[in-house]
Amino acid sequence: MSAVSVTVPSRRQKWIAGTVVIIYALVTIMPLLWIIATGFKTPSDAISYPPKVIFQPSLEGYVNLFTTRSRVAPDTLAALGEPTTWYDRIVRQYDMVITGPSRYGARFLNSVIIGFGSTFLSVFLGTIAAYAFSRFKVPLKDDLMFFVLSTRMMPPIAVAIPIFLMYRQLGLSDTHLGMILLYTAVNLSLSVWLLKGFIDEIPVEYEEAALIDGYTRFQAFVKVVLPQAATGIASTAIFCLIFAWNEYAFAVLLTSGIAQTAPPFIPTIIGTGGKDWPAVAAGATLFLLPVMVFTILLRRHLLRGITFGAVRK
Amino acid sequence: MSEPLSQRAATATPPVLAHRIRGLSDRAIAWIFVAPTIALLLAVNIFPLIWTIRLSLTNYRSNRPNAPVKWVGLENYQKILHDPDIWNTFQVTAHFLIWTLVLQVLLGFGLAYLINKKFRGNDLWTTIIVLPMMLSPAVVGNFWTFLYQPQIGLFNYVIAFFTGADPSSFSMIGDVGLAPWAIVIVDTWMWTPFVMLICLAGLRSIPPSIYEAAECDRASKWRQFWTITLPMVLPFLMLAVLFRGIENFKMFDLVVQLTGGGPGSTTELTSINLKREAFEKWRTGYASAYAVILFVTVFGLASIYVKALNKVKDR
């Protein structure tokens, strides 16, 4: 018997646990690596059998993602002369010319606008509401807090039926403003609950000291509480952004063109003669990578965010 | 101890004057801070809910906004509860819910248990395992249809490699028998880390002193697991099941991209079925009644479950 505590796992236990977890992690990461790899394959490499792990990387998927192309007759092609750019050269191999940009850029930009717009609004409203719930005697506080949460229990499709009719009346269908307001409302439950938890953790004494020093309540909130809650606000913002970024159900039902975000658009990318998987994978890679980076940055607050603040660790 | 000067001054000042000096009262600030949130939630959640209930009593069709709307009472509700298609989607949903929960609880708890052995680098591997859950379900679900392709798909290739079957002999999303499992697999792949993270928090909350005491009493490892580890993690596990249960009851994006409810209606979950009624057949009144039934179901089940959860917590 060693002198160390009995609760510390033995070296053999650690070794077995580590091996199993690493194998699981490698299996689970495979689909994601496959998305990234497929983005750099040529269409024929992407659908080869057996699936190619080692291949000549190509930017064809990315070129196809961002452009629209059309096939031209060989003599027309010859009349155009030598391709001047690398992307022209890729497209010419297939007797095609680039006719313009695709809609991916615009859809991605919509995701950015709607994501950041709704995040800003829901964090702003969430912070002040959470402060009030945390510090003041709000009548029916528990009921209101539960009401805020219960809005998350509705299936999005069920909510979408009246929203669809309402937006049609108000002219908000397929607009950025409409989507920003909708995502703000959905995210408020998350931001209020999370931020209340963060603000609860800031000692009330700080504000009391500020109030005694002659600050007004509002000044105390802005100058004392907000800086203390900065980390909490930042991680809440990232969670709201990820939700809005990933959202699909409302987007597919309420937008069709002008305000369509990337998630409903990416699955509709098609090529000539069969689905252009490298282009889809390229689009998915660019869309998923920011979230992967945020996840790594957020890892300490992850648990809190996904449980609406119910589990803090 | 005497009160600070500022406070004495504050209590001595008449309220009206104090208000002017100190700006808004706490009460006013509380209202101003809470009001926008409540207003927005009323506008985007409660008002539509009431509207849905109203619509559910009519035969309104949103693709014909000018057609006369007839009041039909509870007819829609009656029709839904007698519709065999809807009972089929409830069965499909139940299959999906039960299996995803069972698999995610087993895998998630198992992984958390192993990670809690604190082997070197466990932080890094935990972060890697967590990645799928943060990604857009629609985009990832769409790509899984590529992995599930017979012949060229990676999933089929790997399965064939280990079982010796022909990779083009089975289609996970095209086969009536396999499709319900195809969606369970992807959901489990995506959401096991969720259960894992919550279980990990539960395991880490158990003070080591309890195990030391059990060790002194010569309790076997097996007994320690059943009498200490599991009961202490149970509230966490139940919370994870609550979250996953609600989310998967509402499940739409991942599955609609994977199978679209097919083949036939073998993977037609309630949300997909509801979308079909509301936005393809445009039976708005009928779909509204359906939505109300779903909401009452999820709300009712969740309330009962939360009561049970609180009992376990209090124990």
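A residue is called buried if 20 or more other C-beta atoms lie within 10 Å of its own, exposed if 12 or fewer do, and partly exposed in between, with C-beta atoms placed from the backbone. Leu297(A) counts as partly exposed because it has 13 C-beta neighbours inside 10 Å. The model is predicted: local features need pLDDT of at least 70, side-chain atom pairs count only at pLDDT 80 or more, and totals for chains, interfaces and linings use all residues. Residues are numbered from 1 along each chain as its sequence is written, and chains are lettered from A and ligands numbered from 1 in the order in which they are written.

Leu297(A) belongs to helix H15 (residues 277-298) of chain A. Helices (H or I, at least four residues) and strands (E, at least two) are DSSP runs, numbered from the N terminus.

Chain B holds 14 helices and zero strands. Its C-alpha trace spans about 85 × 75 × 35 Å along the principal axes. Of the 315 residues in chain B, 38% are buried. Among contacts in chain B (C-beta atoms, placed from the backbone, within 7 Å) with a separation of 6 or more, 70% join residues 24 or more positions apart.

Chains A and B also touch each other. The contact takes 85 residues from chain A and 82 residues from chain B. Helix H3 (residues 26-55) of chain B gives the largest share of the chain B side, 15 residues.

How values were computed
Contact = placed C-beta atoms within 7 Å.
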